[in-house]
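Trainee: I have a new structure to read. Where do I begin?

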Amino acid sequence: MNAVKTIGNRSFWLARRLLSGLIVVWAAATFTFFVQFLMPGERAQIIFNANTGNVGEIPRDQLLAINARYGFNQPVIVQYGKYIRDVMHGDLGQSYVQYQPVTDLIARQIGPTIALAFAAMLTAWIITITTTVLFAGRDNIWSKALGGFQAFLATLPPYWLGTILLVVFAIQLRLFPVVGGNTLMGLVLPTMALALEIYGFLGQAVLSEFTRVLDQPFITSSRMRGTGDFSVRLRHALRHAALPGITLSGWIIGKLLSGAVLIEAVFGRQGLGGVLVTATSTRDIPVVSGVILVSAALFVATSLFVDLTVRLIDPRMKEA
Amino acid sequence: MSKPAAVRSAFLLKDLKCRLKSHAAIIAVAMSGLTIADAVKAEDASAGKPQSGGIIRYGHFQEPPCLYGGWVQQWYLQRQFSDNLVARAEDGRILPWLATAWSVSDDRKTYTFQIKPDVKFTDGTTLDAQAVVDNINGWLSDNPELENPTAGPYLKGVFESAAVTGPLTLKITLKTPFEPLLNVFAQSSQGILSPRALKSGKAVNCESPVGSGPFIVEKWNRGKNVIFRRNPNYNSAPATAKHQGPAYVEGIEWRFLADPTIRYGSLLTGESDVVYHIPAVNWQDANSHFKIVRHLTGGTPLRLALYSERPPFDDVRVRQAFAYSSDRRAAVQAAFLGSLPYEGNFALSQSSPEYVSDLSKSYSYDIEKANKLLDEAGWTERDANGIRAKNGKPLIIRITYTNAFSPPDGDQVLQIIQQQAKAAGFDVRLQPTNQADFWAGKNFGPNDYEIVPLYWVAPGAEIYRISYKPDLNGVRNPFNPSRYQDVPLWDIIQKAEQAADKAQRIALYQQAERRIVENAPSVSYTILDVTLALADNVKDIWLDSGSVGEPVFSDAYFTGKK
Amino acid sequence: MSFATSSAGHAKAFIIARVLTGARRFPIPVYVAAFFTAFFLVAGMAPKLLQTHDPLALGLMSPLKAPSRAHWLGTDQSGRDLYSRIVAGTGQSLSIGLGATALSLAIALILGVTAGLSGGWIDNVLSRLFDALFALPTLFLALLFVSLLGTSVSTLIIAVGIGTSPGYARMVRVQVLRVKATGYVEAAKALGHLPKDILFKHILPNAISPLATMFTLGIGQAIIWASGLSFLGLGVAPPSSEWGALLNAGRNYVIYAWWLEVMPGIAIAAFALSVTVLGQYVQQRLERRIELP
Amino acid sequence: MNVTYPAASFRQDATLPPVSSPLLTVQNLNVSFGPAHSRRAVVKGVSLTVEEGRCVAIVGESGSGKSVTARTLVGLTGARSHVQADLLTFQGKNIDRLGDEEWRALRGKHIGFVLQDALVSLDPLRPVGKEIGETLLVHRAIRTRADLTERVVDLLKLVGVPEPAVKARQLPHELSGGQRQRALIATAIALDPALLIADEPTTALDVTIQAQILDLLSETRERGKAMILISHNLAVVSQMADEVIVMRHGEIVEHGSAEQIFGDPRHDYTRGLLKAIPSVRSRGSRLSSSKAPRFISAEGEEVRELTQSDIAQRSRPLLEAERVVKRFRGPDGKLRTVVNDVSFSLGHGETLGIVGESGSGKTTVARMALALEMPDEGEVTLQGAPWTAATEKERRHRRSDISVIYQDPLSSFDPRWTIERVIDDALARRRGDPLDRTSRQSEVSELLDLVGLSPSFRTRRPLELSGGQRQRVAIARAIAPRPRIIVCDEPVAALDVSIQAQILDLLGDLKSHLRVSYLFISHDLGVVHHLSDRVLVMNHGEAVEAGGADEVFLRPRQPYTRKLVAAVPQLHFQAA
């Protein structure tokens, strides 16, 4: 009976979260749809120029033909309706420039980005957990230095760090490939560049909570049972300290695409970031909208995942 | 220095293309036939016999949206998988390729071509006269799927028809004589593609185009590389090639490494066998460690076009003063660190046949002359910062350029000019403009700039027709961004074009050259190149100097163990 | 002791003594941070005081010189003094950092306070809006503004300011909700104070003060963001030596002339870190008397 | 932890304790905190012994060093501490130079420790079964997983947790307060340690639960184990202890048998503590030694004469709640009735005590009286006029008639504001004559004086005050607008007994001099009884019993009231 209630609660919560996630994605889609009208330049002109390498006025008949082909001559609200309908059917349109359906373009580039983001996040967590458990809240110099070190990492521009890592470890020391692609070794440096910045923030959040938790009565209580220090840190404090870190991770993932754009540029990697920058610089609006939409959806999905994780770790949240 | 000139040339080419509202920019590049200059040939005959095998890892620069088309980045790629009707040698001679022989009628309006037998596209279909005719008709049609943005603007005005006269013979008829026809056919964007494959639409062909060339596109990993596989049945190498038959190497991994640090770094670490454009800062290093293959282009040099239709540059003295006000030789040395030569001849690149070398010494840095000229021109007022003014109007010079396309090396020259010209009282302002804005025409309105940097690659002085034709009969010449209107110059150019005698033609062109330099509608500083750096164990990669210097890998081979 | 009767000298001595004894208790990092912050502030406001060379003066004979006594941080490809260029770029970088953060916080404050105070559907709509904006890549928003407004310092301020505001807006909202639920707000209500008085006297000051640290953190982050845009070629026009532009320009020289890339990066990190350290310290000092342990 | 030892020669003697040594011996224990140059002594020269099977209680107020003393016995005084003792033996072994490993072997296995408030002393993210199992696992007391589960369930059964198998898998917050505390005790007694230290084991618990927990601890003791009980609550201690140690400021003030301490306290401090406990016997007398303040304003006239209208209104109740009902929506979306059909009235100069355990709805009633919460049914009227039924705008100018003192004054002060501003802010709401700036300033001083604070407090901020000082400021703020009613919501629950006595005295003094009425809410029957004229007993949102204070507490009619009264621990050895 208790269990039934819990499940009921959870599906109610999940339904609400999914709904608000959909609203967010819809809002992002709407936003990008209307933003294209703010961008300078007429769409037919951009398409024509992109395909022919031209600029400026184009022949009127060409303009009309393109407008008709893409439906630009219809009322905006009709275009919007069609856009939303297509999006709901999983059709993000056709690139103006690249002769490809947007979904194909994104599908092919999303893998490396997700791999990078995931690897960076994972690495950041591993470093966070290791350094926190080993050094946090101790009465020594390392413990004091840890927070400062993290703050320092958080203030390094990640692409700058990436460049330095690339030159030092790939070009000078030749420990890692310069052109890494998606090989494991090639992933190391971009991952570190991104992960160290994430660690700067994540580590600080986890560290402060960890330090706080170490003073909690239940920690003392556990020590009073004879539990060893390492065990107390790992079994008790870490779980608590991880919670704000997980929440923060949700935020960071949302910003990861932006960071990945720069890191991908530094390391010459494939990825959504490059797609977005190229598309923006060529006003390839369907691609821009598509990438935004996908990243918004990713963000919503990861937020949901984060919330679920938090609720898994902290069952008290179920009741909140 | 670093992003060597080739990168820059590709970029500026694109800029110009955008800006000039026409396809013709591409044409101009396509005309870069006579450019040879100091191209280093990959000879190395002593290295022994070519051996088969290996995959060349080539670090290229930019990735185009489609594997073939009008942009120079697409030409580079198309050269690998398609063959042209004819080839063009460095010295400008037209040599056989798919056409084994051809003849031209006396009225210079009908061309008859004999096609090489037994050539197959890599989809198995036969490359015969019909296939060539289908290609040509497609280029010049209005079908956006087939239209050729290079050949179209060249030929649409003069082309009448193309017809098959036999399985391996075809005839092309023109409305009026057009001497550069074979030059056009020799350019990579006019490579012949499989008509059957083209039927499946541009989206498919952009990803996996089918030609008859030495390599087959196996896979295009967008954002990363194009994998080329050797065409094992290749039997249609041009006469300019070093050998006939299939390529020695098994394939090419054509990587897009836009970042110069990574590109050159990958050569340093041995991850690439060949890379495009060496960063200027690494030029010395590259020369001492790697083999350099280089092609300096002809046509106009890289120059600053001064808007001469309105003040301040409507006054020739101000233009000349601007030319005197900067030490461009030193600027080029500083920015390119020797990877590109200084070019002081505002009219023509040093690799052009009509080049007058003493002109390159004109307008050497002379701040006193600049001041004197400006005083004469009436720009006598000076503000606290030393900026001149005339009738209360400050001497502001805005330079519009695309920062997305202009690597820091190029910026550097502009920044040096900006700083030096200040001493003469010019307030030079840089207006970097991103690619998208460029396409939307931002900072390019008639009143938005005083200077735009540009170049136009061509074989030689014939480029004057495009760059300096005045607006006659109300027809605006869109390719003259300095808006320099000089009817006497135009007369000289036309006379040169009509001169039958070569020596007389050159003399006339040189007369035009001197006139251009004297009037300074533009101020040049360097020229463009295509440069590759090769690892030691790679031999016989050459640049197709008859075209725009596309790298050719079909003769390349590895020495030693690979 | 009565200040009315004590001499001014007395009071001064008292204050000096306080400052001295207080100063002894500053941790060393705070000293370092204060030094750097002061340095960059002077560099931002009066660059000439700190420059050793004209940042624009060309030295075509001495390009790409490694750091030396003549050029503390070396020279760039045109022989310009890198140290002086970093100093010269400080003003713009600081404007971007401060301006973007101020704009971001202003937007966040208006929206966050509105959402937090209103509750109900307004809160719901605004919260979803924050979510939606938050879900958009910051870089996209920045790209958008750059293409709408062109490249300049003010564009970077607007782009970074708006791009980073949804995150702050969420924090403000949470803070407002927190303060709204405190006993002192209820106590003020129980005393019969007007809602607007409660808003300005209690809710705003208490909701904002924990964000002060965020502000100092944000300045550094805004500079980093802006330099990221410069890196993509969307920064301020040359010959500006805004730090991001220096980073971007230095990148191509990194193999040969490492200082061109390393030094501006260190400048960014040093400033961002100093401001953060100082901000946290000042916040701690100020809030020690009023913050719950 | 930084332990320094006395001279080696002395140590050698100490390592050879007599055969019939007590379980635990502490001689001259000193503990200090902080770095060497600014060391702060918190335990000074404490000596004690615990014999097998005996219960020694350490009593003291906050800051007395009682908890630190206890923690020294398990080596958990913290990283910055400095411990020094002439002798520290447990089971005949020296425990003052133990290494980390040795301490761990001792903790949980030989010395069990129960902290106060299980909600924070059990890991909120781990099932209680795991926490109990931890003791067993750490000391390798079980072999298999099934063994572990079985032992945990047995232990939960032993401490009287119902459905032990189910509860073992639940998180602390899913258990009731009493069950939690039982589970916490189970973690401490899992390995049947020779010594059990219980640090405030019943603080924050309702009286009925407190009684149960004390019973449980007594059972443990009856099994022959020694115990150190630490508490601020003398009544709790008097029920359990064989021996009592009274500590203040880190020193032992008095040490003796329970009979002696409670029956014949020798030290003034001990006597004061005993006297400070409010109860039925203390009614009408002062709890603290403080003098009643002078309630004379600067002008020399007595504050607040009764006016004609006051007298006219006297016949009517000031505040009246008429069958109020309040429901809240729970997290599961269901409505829960928190206050059900409660009526009461409060007359002029009267104190109505509302007493009940946590969750009884008493605070919600207070909030409805303040019109901070609106009843779903019924209404509250103030001075005969609609109160909860009025609009906030109408209410606003009448709010100065009714003010409030919270349990946690700290959170009710804006942390940024100085005390002066806090009180000034309330003064600004005084009805009638608006005060100008200077008169408000002098009024602030007067109010501070009235609540027994010196004017130097004006510039302080809430965080810089002690708990008792804060509550005085809260009172000053409450009386500043000259209200007719003050709602006191658990005003002394967070205070030490001596401070509590002072505050209760102050409230009593103010009542008689300002002629305000109190709506006094507390869980502490003694406090309510001490102060109230009439009493309302609440349980699960309903009014169980109402009537005169003596009537209800001395002759309770309802079973719930009886149970409540019975659960209150009584001093077993009340001084004559």
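Mentor: Begin with the idea of a nonpolar core. It is a set of buried Ala, Val, Leu, Ile, Met, Phe, Trp, Tyr and Cys residues joined through C-beta atoms within 7 Å. Keep in mind that this is a predicted model.

Trainee: Which residues touch the most other members of the largest nonpolar core?

Mentor: They are A:A28, D:A57 and D:L519, in a core of 471 residues. Helix α8 of chain A, residues 184-214, gives the most to this core: 18 residues. A second, separate core has 35 residues, including B:F113 and B:V210.

Trainee: What is A:A28 in contact with, beyond its neighbours within four places in sequence?

Mentor: In chain A, the partners are A:I292, A:L293 and A:A296. In chain C, they are C:A132, C:A135 and C:L136.

Trainee: Which residues of chain A does UniProt list under "transmembrane region"?

Mentor: The unreviewed entry lists six stretches: 18-39, 114-137, 149-171, 183-202, 241-267 and 287-310. Now check two against the model. Residues 287-310 of chain A are 100% helix, with end C-alpha atoms 34 Å apart. Residues 183-202 of chain A are 95% helix, and their end C-alpha atoms lie 26 Å apart.

Trainee: How do I read a sheet?

Mentor: In chain B, three strands form an open antiparallel sheet, ordered β14-β15-β16. The edge strands, β14 and β16 of chain B, each pair on one side only. Two bridges join β14(B) to β15 of chain B. B:E381 stands opposite B:A389.

Trainee: How many residues of chain C are in contact with chain B?

Mentor: 21, and they meet 29 residues of chain B. The chain C side has 14 nonpolar, six polar and one charged residues.

Notes. Residues numbered from 1 in each chain as written. Chains lettered and ligands numbered in written order. Predicted model: local features only at pLDDT ≥ 70, side-chain atom pairs only at ≥ 80, totals over all residues. UniProt positions renumbered as here; feature names shortened; annotations may be inferred. Helix = DSSP H or I, 4+ residues; strand = E, 2+ residues; numbered from the N terminus. Pairing = 2+ DSSP bridges. Contact = placed C-beta atoms within 7 Å. Nonpolar A, V, L, I, M, F, W, Y, C, P; charged D, E, K, R; others polar. Buried ≥ 20, exposed ≤ 12 C-beta atoms within 10 Å, placed from the backbone.
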